[in-house]
Structure formats: C-alpha cells, structure tokens
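The sequence and structure come first, followed by notes grouped by topic.

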Protein chains: 2
Amino acid sequence: MSQIQYLARIQFDFGAIASLGDEIARLGLKRPLLVTDAGVAEAGILQRVLEAARPSEPVVYDGTTENPTERSLLDCMEIWNDRGCDGVIALGGGSPIDLAKAVALLSSHGGSLVDYNVKRGGSERIGKVSRQIAIPTAAGTGAEVGRACVMSLLDGSKCVAVNLNMVADVVICDPELTLSLPPRLTAATGIDALSHGIETYCSPMENPPAAAIALDAVRRAARWLPVAVQEGNNREARREMMMAALMGGMCLQKSLGGAHAMATPLGELHLHHGTLIGILLPHVLRFNAGHADLAYADLRGAANLPEDAELHAWLTDFVSGLGLPTRLAELGVAAGVLPGIADKASKDHLARTNPRPAGPEDYLTMLRDAL
Amino acid sequence: MSQIQYLARIQFDFGAIASLGDEIARLGLKRPLLVTDAGVAEAGILQRVLEAARPSEPVVYDGTTENPTERSLLDCMEIWNDRGCDGVIALGGGSPIDLAKAVALLSSHGGSLVDYNVKRGGSERIGKVSRQIAIPTAAGTGAEVGRACVMSLLDGSKCVAVNLNMVADVVICDPELTLSLPPRLTAATGIDALSHGIETYCSPMENPPAAAIALDAVRRAARWLPVAVQEGNNREARREMMMAALMGGMCLQKSLGGAHAMATPLGELHLHHGTLIGILLPHVLRFNAGHADLAYADLRGAANLPEDAELHAWLTDFVSGLGLPTRLAELGVAAGVLPGIADKASKDHLARTNPRPAGPEDYLTMLRDAL
C-alpha cells in the first residue's frame, strides 16, 4: 500500500520574502516569534526579513544552535509566554526550522517535548499546532516542508517528534537570501539536497509523484550545484538549487537509505550533515549497484551521464570537485567509533528503505572504505 | 511568483478500499453520508464499498447526475439534517466528488452554494469544511485530489466554489474498482487524465514539482491507456492509469490550456468531458506548435515518440485508436454554436495559461477544424 501526501503552501521566487507581511496578516498573527541563529543575523538577512515583516514586528530569538537543543526550546517558550506570542516564524537552515516546529508544538499542546517522542508513540497525539511560517536561508535540507523536528533533550538524548500537523502553514523560498552563502556551505548543503533526490529515488517505497519530483531534483542539483559553488551570485544557479532543495524535501515521504542511516549516528559527533552525506553516499551507491538497476539508469539520465557511467565514481568526483572532503578521517573521525556507528546505522529506520538490505557488517565495510 | 501546494492523504493500491472502515474511524465519523450515482450502485461497487465501511453504516444518496445540480445538493442536505450526518464519502467520478464537496461546504458553513461562488469572491470565505473521504471509481478527472466543485444552480447557471479547505481529508484509490469500467468509458476518462498531464506541462505557470508529476502522468497514460481499453482486466494497466489520473489531478495547480478552455462551454451542451478533450486537444497541440518547443520535446520523450514526431498527429491517431470520436459533429455539435463557444473559451480563465495566446478567432478556427 503506498501512502502519498503533499502539504504546505509555498511562495517561491526572487523577492518572495516581500510577501511575509501579507502572509503574517493572512494567518492573523499579532505577535509572531521569529526563531533564527546568530549567523543569519550577522549576514544581515534577519534585518531584511524583519523589514519584510512590517507592519508586523516579530519578537526575535537568535540563539539557535547547530543541533537544536531543549535548552533553546525552553528559552523560546519563556519568550513566547512573556511576550504573548501567537505564532512562529523560522528563519535559517534545518536547525531554526526544527526548533520552530517544537515551539509550535509545545505552545499549542503544553507538556515537554519528550511527551511527543515518536519512539514512544507520543507523536500520534499531536493535533493542530500553532501557526508557522518557514523561511529557508540555504538550499539543502528541505526542512521547510518537513513534518518532523529533531532535538537534543537536556539529558543529551535525541528526541524526534513527527506529525503532519507540524508542517508549516506557509513556506517562503526566496533564492535572494542564499546569494551570500559561502562556497563551502553552499556545497555541503547542496549535496544534501542532491542526496535526497538520489536516495528517495532508489528507495523501494512506492510513491510515483515523489519519485518524479526526486528525479527532477537530481537533474537540477547535478547541473547547477557546481555553478552555485563557483559563482555565488549566479541567480539562476541559486534559484535552481533552492528549487532542488525544496523538491528534495517534498519527496522525503518516499524515505531515504543507507547514507542517511549512517549520517544520523555520525551527526551525534557534531559533524556537518551535508558534508557527511557527500562522503558516505558514493560508498552507498557502490554497495547498492546492481540492486536498483532501473533507478540507476534514470539517475544517470538525470545527471546527464553516459549509460555505462558508474554513479559512485561520478559522485566522488562531483563531491571533490566542489571542494568538499571525501574521507571521514578529514573530519577527524577515528576508526574506533565505526563499529558503533555501523551498528546504529543498521538499526536506523532509514536503513529499511535502502534498496539492498544491509547489516552492521555491510555498514562497517562502507564506513571503513569511507574513512 | 510561483505558488506551489500539495494536499490530501492518499491510500493507493489494489485492495486499498479495505482501509475505508479504519479511515472513517480515524476521522471520528459516526454517520457519514455516502454520495454516489446509480451507475456505481448498479455495477455492484457501492455494495463492496459499504462492506468495506463496516462497522460504519453510511447513509447512501445515489441520485448524483452527470453534471451535479443544486437540486441534488438540496436533497443531500435534507438527508444530512434528517439523519444527523457528520461527514461525507464521495464514491464515483467527478460528479459525486464535486457534489460531496458542496455538501461538506454547506453542512459546515450554511447558506446557499451561490454565496461561495468564486466569481463573486465568495470562495475566499470558505474555512474548514466537514470531513470528506473521496473514492474514485474511474481513472480520469483526478477530482479526488481537487479543491473545487462545479455545480449547476437551480436557475441553470454554473457555480464554481474553490478553496484548499475543500480538499478531501482522505483519498482512497483502489484500481480494483475500475476493472469493470467499459472500454468506451475507460478511453474517454483516460484521455482526460492524459490531457491533464499534457496541458499542465505546456502551461507557462512555473511549478516544477507539478511539471515533474505531469510528465510522468503522460508517460504512464501514453503507454497504458490503450492496454486498459483493450484488456479491461489487465491489473497493471488499471493501476498505472489510476496513478496517471491521480498525478494528473495533482498537477492541475499548474493550470490547463486551450482544450479545457473550449471543453468547459461545450460541456454545457451535456457532452462527455473526456470525449470532448480527445477531440479538441490535437487541434490545440497543432495551434501551440512552435510556442512550447522545450515542453513538446519532453512530451515526445514521455510518449516515447521519435524526435521529429508531431504531437497533434500522434494524439489524433491515439484517440481514434481507442475507438473514440475525433470530430465534434459525431457528438451532434452544430456549426452554428461554434462562434459562441469560441467566445466563451477565449474568456475562460484556463485560456490564460495556454502557451500561445489565443483569441475568439483562433478558438473558432480550432473548433471548425475539429467539427
């Protein structure tokens, strides 16, 4: 049985941010809380977004950390209550967007985040949450159309809350906001977008609309990511990459595979997600070769490769061509941690939709090859 | 600015209808009103659906006419009120699905349908409507994921209400329900699905996810519609066509073009929509040739045609090969009505997204060529 779902209202274009004031009014928000991080504020993007929000004057929280924490969530809830906020605006990458979802959840449902942990069945209790507007500042995760938030609890453990009711009411994608993203971050986030298209397309889960979107995301990212990295001010490249990231987020309902199954536990070492994916995915593509032939043929076509090209070899060159590392050792990963990572990866729910079944030994082999 | 939106929760597979009872319970419906038509009841499909609804026992209305009327709506509302219904299940083609949307609207908002007429701005006032489950019994309109209902008012005029709040909460697509559809109806509804992919893909409105879905819908319909018509029991063909119809419905947000702009006024003569589209679309494709070259190249690829093939010639052969008429005269359309149809078509909102601008004279030429 395939379950297919599409949600979220998306405004997409250069200058789309100008619609923020209208969207705030349309949602009837009197005092929205804007959740962002210091980097976005320093880049001057926050200021431009606050101007676009007028006449609304959002309350700003810019303390989001790279992996959002329950500490930040509690700070946001204190602001929410003190200032009488009635909706949340997420501005940034995956972290502020996840944090904003948690704020929308607790402000409407009360309790603690752990009460809604998907692993304990708590996510099923999530009903309509507070109003949310998501504004991505990078072309990568596609979290702007996501239904989940991943947070580190005070005890250090990870908590994931997932429910369709947590999808943002409005998404504003303005490629203008990504023009100032430095090459390294453009490359690392862009590889994540590309990987969403590749891994969801190879997933055995049946969802033809998601597959069609995934393949087009691969086509755009394969062509335009190198341009966006080399020419940050190339508007067409920025636009195409933001669309590729959005489409990558839209097809995640088809689920991912081995690269993301390994990136999740490795991420707990505070390594950049996209950078990890760029290192891991070629090894997963080599491992899966021969187990998803039709998908591989379509992916070669989307990446404009000859019929006999090896996807994993192409991707390795593609990643290094972007100036990204191709070995885990370059990120300071030590061989000793790999067995534990391999074990966690094989148990990750994303491992279930890798086209070739893989056990701890398989993941350990891939990780050692990637070291 | 491109606005991109996807909605609806879709269960898709052979046997998916078995989930109806659970979905009714999940929505908390105690006494749903099931809206269908006599044909569906006579085909034995209604009985199978009622069995799948257990333990729920929906109240049945099977008086839906081919072009749903306000008369049927008033009858449904009387039943709704007398029996204390709390949600609506649409079973059938576009007509019961549109009627069910109108029931969901009036039962939650009160007033008359005309109060919500999009042409008078009434549709903007539509908020959350009564719960809806949509179950298509043909692979064609894609109305199961639609946001609009088109009804004939008591005074004979057409009323269209459109709002995202009218999208069904749950869609159950079970190809099993289409196995008994006769060849002629399979062909006429299937051509509508194919045309949604073709016209939305040629529309200048920018919506890459919709475009990706549209192209895949064309690929499926071009390959499998002839099989579904020739071998009604071919399960793969029925499944692929139901997916093509669903995808065709999902990409309608990219808007259509000239064929649908002409089919709307012609439909007021009570002619079958899909049959009209099969006659009209080749002439629109010939008119647009040279004004959407990139789209045409992709469509040729999706239909597996040589690079120098003419789309309009291919579609004419495709339509006649399905045993469908290729001339309006075969439907009893008289030359005298064409100028009026051409005038209405040129003013239809769908004419705005035809890739080549067309005026009344252009439409009249196409209509005369199609006569």
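**Aromatic contacts**

Trp314(B) and Phe318(B) are both buried. The model they belong to is a predicted one. Searching the whole structure, over all chains, gives two aromatic pairs.

**Ring pair in chain A**
- Trp314(A) and Phe318(A) have ring centres 5.2 Å apart and ring planes at 45 degrees.
- Trp314(A) has a relative accessible area of 16% and is buried.
- Phe318(A) is also buried, at a relative accessible area of 10%.

**Ring pair in chain B**
- The rings of Trp314(B) and Phe318(B) form a tilted pair, because their planes are at 45 degrees; their centres are 5.2 Å apart.
- In helix H12 (residues 311-321) of chain B, Trp314(B) and Phe318(B) are four residues apart, so about one helical turn separates them.

**Charges over rings**
- In chain A, the ring of Phe287(A) has the charged end of Arg356(A) over it, at 4.0 Å from the ring centre.
- In chain B, Arg356(B) is placed over the face of Phe287(B), 3.9 Å from the centre of the ring.

Terms used. Residues numbered from 1 in each chain as written. Chains lettered and ligands numbered in written order. Predicted model: local features only at pLDDT ≥ 70, side-chain atom pairs only at ≥ 80, totals over all residues. Heavy atoms only, no water. Phe/Tyr/Trp six-rings, centres within 6.5 Å; stacked < 30°, edge-to-face > 60°. Buried < 20%, exposed > 50% of the residue type's maximum accessible area, 1.4 Å probe, protein only. Helix = DSSP H or I, 4+ residues; strand = E, 2+ residues; numbered from the N terminus. Lys NZ or Arg CZ within 6 Å of the ring centre and 35° of its normal.
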